[in-house]
Protein chains: 2
Amino acid sequence: MEDLFDSFASVRKASFALASSSIEERRRALKAISEILKREEEAIFSENRKDVEKAKEEGIPSSILHRLSFGEEKASSSITGLVELSRLPDPIGKIREKRELDPDFILEKKTFPIGVIGMIFEARPDALIQIAGLSLMSGNGLILKGGKEATRTNRKLIALIKEATSSFSFSSSWIMGIESHEEVDVLLKAEKYVDLLIPRGSNGFVRYCMDHTRIPVMGHADGKCHTFVDESADLKKALEICIDAKTQYPAACNATETFLVHRSILSSFLPLLDEAFHEKGVSVHADSSCLRYMDHASLMEKGDEDKEYLALECNVMAVDSLEAAVDHINLHGSHHTDAIITENKENSSFFTSRTDSADVFVNCSTRFADGFRFGLGAEVGISTSKLHARGPVGLDGLMTTKWILKGHGETVGEYSGKDGKSFHHKELI
Amino acid sequence: MEDLFDSFASVRKASFALASSSIEERRRALKAISEILKREEEAIFSENRKDVEKAKEEGIPSSILHRLSFGEEKASSSITGLVELSRLPDPIGKIREKRELDPDFILEKKTFPIGVIGMIFEARPDALIQIAGLSLMSGNGLILKGGKEATRTNRKLIALIKEATSSFSFSSSWIMGIESHEEVDVLLKAEKYVDLLIPRGSNGFVRYCMDHTRIPVMGHADGKCHTFVDESADLKKALEICIDAKTQYPAACNATETFLVHRSILSSFLPLLDEAFHEKGVSVHADSSCLRYMDHASLMEKGDEDKEYLALECNVMAVDSLEAAVDHINLHGSHHTDAIITENKENSSFFTSRTDSADVFVNCSTRFADGFRFGLGAEVGISTSKLHARGPVGLDGLMTTKWILKGHGETVGEYSGKDGKSFHHKELI
């Protein structure tokens with residue numbers, strides 16, 4: 001444990017240097033990483049093939065194999081991602097508020113890196129590259145634990161990233177990998193060195209982290225997303241959106257798990273949906289009202305409405321009204337991403353205001369909930385917490401702020417009592 | 001427990017109505033509260049006198065009596081505070097980000113109330129008024145537990161606030177008080193109804209809350225603040241600032257506990273400081289280097305540098321350099337508020353960038369760390385956490401955000417693959 005703490009202390013030390021490095025240096029470092037990953041891609045692919053081989057032998061499900069495998073296409077989009085990230089404005093030192101308390105007595109709220117991030121994520125090598133890029137660009141030190149199926153790939157990636165950044169002012173110590181569950185337990189105890197934990201994975205795992213650490217946790221938990229097809233929906237749009245929301249990448253947390261359909265359009269909409277889902281191989285669990293119109297569906301069972309399928313499987317349920325749809329979502333959803341399909345502006349505005357979720361969408365697929373698509377450069381996860389960061393978390397969510405007040409000898413005494421000076425609080429931005 | 005949960009559920013229900021109330025209604029409600037508090041002030045004072053009487057009988061220390069007593073002056077400034085708060089811009093529905101993902105496909109990040117806040121605070125009736133005002137203005141339901149010494153005053157204040165808001169759309173259920181420790185323990189278990197806990201008080205108490213709840217906690221903890229007098233300080237300014245930082249209100253969390261003085265100015269500065277502190281009745285604990293120049297001081301003991309005195313008592317220590325001052329502060333401080341007194345711009349910029357505290361001040365008193373003085377309207381506390389809110393927490397810290405994406409049938413499928421559409425991510429603000 002002490003040895004590992006020493007390594008964490010080195011990450012912390014490097015993180016201070018990283019936090020005060022210039023944006024030019026951080027951009028050069030991102031470029032160096034993208035170059036080494038390109039140059040060494042065959043070596044990475046080779047390690048990845050060994051990981052995939054082993055996973056296949058162990059009978060790992062295909063959805064995980066899909067995430068685990070890292071080839072030409074993922075490498076190229078990861079590298080493009082790093083280059084795009086480096087073009088974003090510097091997230092450090094942004095002035096969020098600026099106010100003159102009194103002439104020449106200036107208060108600023110400025111962004112600073114949080115410090116050291118502990119990130120625990122699934123077996124996805126492209127996620128490692130994205131997370132490392134975001135940490136570096138945002139000036140945060142990083143301790144990484146990837147899914148064990150990707151051990152060899154991750155080891156190679158981290159070694160290359162360290163190599164690419166070894167000659168920079170912050171040294172290669174800004175990033176380190178850990179591998180075992182025992183090391184994760186040490187990480188959970190490392191509140192002296194780590195400022196924020198971001199565990200991705202099952203709700204149970206996120207809860208385990210929260211219950212075993214004093215470090216703040218940004219939970220990336222369940223995605224029990226809903227799409228509500230309102231009375232006034234354009235049924236053609238609705239159909240395309242529903243298919244996309246379920247089938248475009250069913251293993252994603254932003255895929256829709258339950259479709260709510262307004263009772264007045266069951267007979268017109270459900271036969272179309274039934275046919276389309278059947279064609280795409282989606283197993284539908286329908287409530288008794290919907291089942292009448294869906295020949296290929298089976299009857300929902302108790303508890304189905306709370307499931308996250310992450311597969312070509314979903315629920316279809318009838319609701320009596322917009323209000324009932326919102327109530328159902330707030331009760332059974334995971335406050336992640338929920339959409340309404342409607343041509344009625346009042347209804348969409350009610351839905352966006354009342355639905356208590358990180359992402360609330362109108363007339364588009366829940367699958368858009370993603371840092372890249374949102375224009376955040378990338379994401380470390382999607383937060384379903386209401387504090388600090390909510391929804392896709394990019395550079396902005398990895399920053400804290402500092403209040404900086406610059407005076408010329410001001411005392412609170414001068415500003416006190418009946419004859420004291422008063423503040424004029426003039427906004428400067 | 002179930003009864004109390006029912007009451008919490010009513011607060012939650014009212015909080016939804018409050019969250020969608022108009023700013024005009026919330027402003028009228030603040031006005032109604034300020035009017036009833038003015039009209040009924042004699043009744044409030046009378047309850048407060050009973051609380052003070054009882055506290056005196058029980059031998060409560062004078063610093064707590066000072067916070068507990070609520071008379072003409074505090075009433076008037078509390079009421080002014082409510083009026084000023086109502087003049088601030090509506091914190092709900094502010095657009096923090098706005099981006100076109102593609103023509104007419106618009107993403108917005110908008111502010112929304114967090115939901116229900118559980119607030120546990122010391123025996124300060126004026127704090128109750130401030131916290132209630134902030135919650136109402138920010139659209140959040142509120143469950144309050146004030147210090148037990150103020151029980152009668154708090155009960156009266158909450159009854160009046162309920163009376164004043166009973167005819168509004170959100171009903172008087174938006175606010176409730178709890179009184180016993182047993183009720184606090186129920187509050188800690190109320191994660192179904194409460195979105196955020198803000199415990200103020202000792203570090204031990206904040207830690208107790210964190211260890212006994214699944215609700216996110218915004219900790220308002222220790223204020224171990226430092227003032228560093230740099231080599232190049234203007235000694236006249238420095239002296240005035242040091243006196244203010246220690247003596248203007250020693251019981252405040254933003255009062256300085258340890259003064260660090262650059263070794264090169266010990267002989268010129270310390271005799272002045274010694275005289276001034278002696279005159280103001282401050283007991284000084286000096287390290288051996290400083291003691292030589294401070295006739296009225298005593299020698300520091302081991303552990304003194306980690307103390308929060310909250311009284312006319314402080315440490316004075318010599319440091320060899322700016323870097324040493326920053327290191328000392330980062331190690332021994334509580335990341336609350338720390339100041340440098342210097343005429344050297346490079347030094348102040350090093351200090352503000354390297355000091356890892358919520359508030360970092362240049363040439364002014366640490367006592368300025370306060371929501372009113374910062375122009376935030378008021379504060380629910382000063383957060384020493386790096387997440388969500390850091391430093392004085394006003395309306396802004398009581399808001400979360402929602403991402404709202406409005407499309408016209410967009411699917412992720414259209415934006416995928418080699419021939420897919422691409423995002424143009426045009427910033428609209």
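Mentor: Two strands count as paired if DSSP finds at least two bridges between them. Strands themselves are DSSP runs of E with at least two residues, helices are runs of H or I with at least four, and both are numbered from the N terminus. The model is a predicted one, so local features need pLDDT of at least 70 and side-chain atom pairs count only at pLDDT 80 or more, while totals for chains, interfaces and linings use all residues. Residues are numbered from 1 along each chain as its sequence is written, chains are lettered from A and ligands numbered from 1 in the order in which they are written, and side-chain values use heavy atoms, with hydrogens and water left out.

Strand β3 (residues 116–120) of chain A is joined to β6(A) by four bridges, and A:Met119 has A:Ile198 as its bridge partner in β6(A).

In general, the strands of a sheet pair through backbone hydrogen bonds, either parallel or antiparallel. Here 11 strands make an open sheet with mixed pairing, in the order β10(A)-β9(A)-β11(A)-β8(A)-β7(A)-β12(A)-β13(A)-β16(B)-β2(B)-β1(B)-β17(B). At the edges stand β10 (298–299) of chain A and β17 (426–427) of chain B; each has a single partner strand, so one side of each is left without a neighbour in the sheet.

Within the chain A part, β8 (residues 256–262) and β11 (residues 313–319) run parallel and are joined by five bridges, with A:His262 standing opposite A:Val319. Helix α11 (residues 266–279) of chain A lies across β7 (225–229), β8, β9 (283–286) and β11, at about 155° to β8(A).

The step from one chain to the other is made by β13 (residues 359–364) of chain A and β16 (residues 399–410) of chain B, a parallel pair over five bridges. There A:Val362 has B:Lys406 as its bridge partner.

On the chain B part, β1 (residues 95–102) and β2 (residues 105–113) run antiparallel over six bridges, and B:Arg99 is partnered by B:Leu107. Their hairpin has two residues between the strands, and B:Asp104 takes a positive phi near 60° in it. Beyond that, β1(B) is joined to β17(B) by two bridges, also antiparallel, with B:Lys426 as the bridge partner of B:Glu100.

Chain A and chain B each bring 67 residues to the contact. About 5,600 Å² is buried between them, 56% of it from carbon and sulfur atoms; buried area is the accessible area (1.4 Å probe) that two parts lose on being put together, summed over both. A:Leu387, A:Trp403 and A:Val412 supply 13% of the area that chain A buries against chain B, more than any other three residues.

Charged pairs are counted as salt bridges when a side-chain nitrogen of Lys or Arg is within 4 Å of a carboxyl oxygen of Asp or Glu. Between chain A and chain B there are six. A:Asp396 and B:Lys109 meet in a salt bridge at 3.8 Å, N to O. Strand β16 (residues 399–410) of chain A gives the most to the side of chain A that touches chain B, with 11 residues.

Conventions
Contact means heavy atoms within 4.5 Å. Axes are lines fitted to C-alpha atoms, for helices over the stretch in contact, and angles run from 0 to 180 degrees between N-to-C directions.
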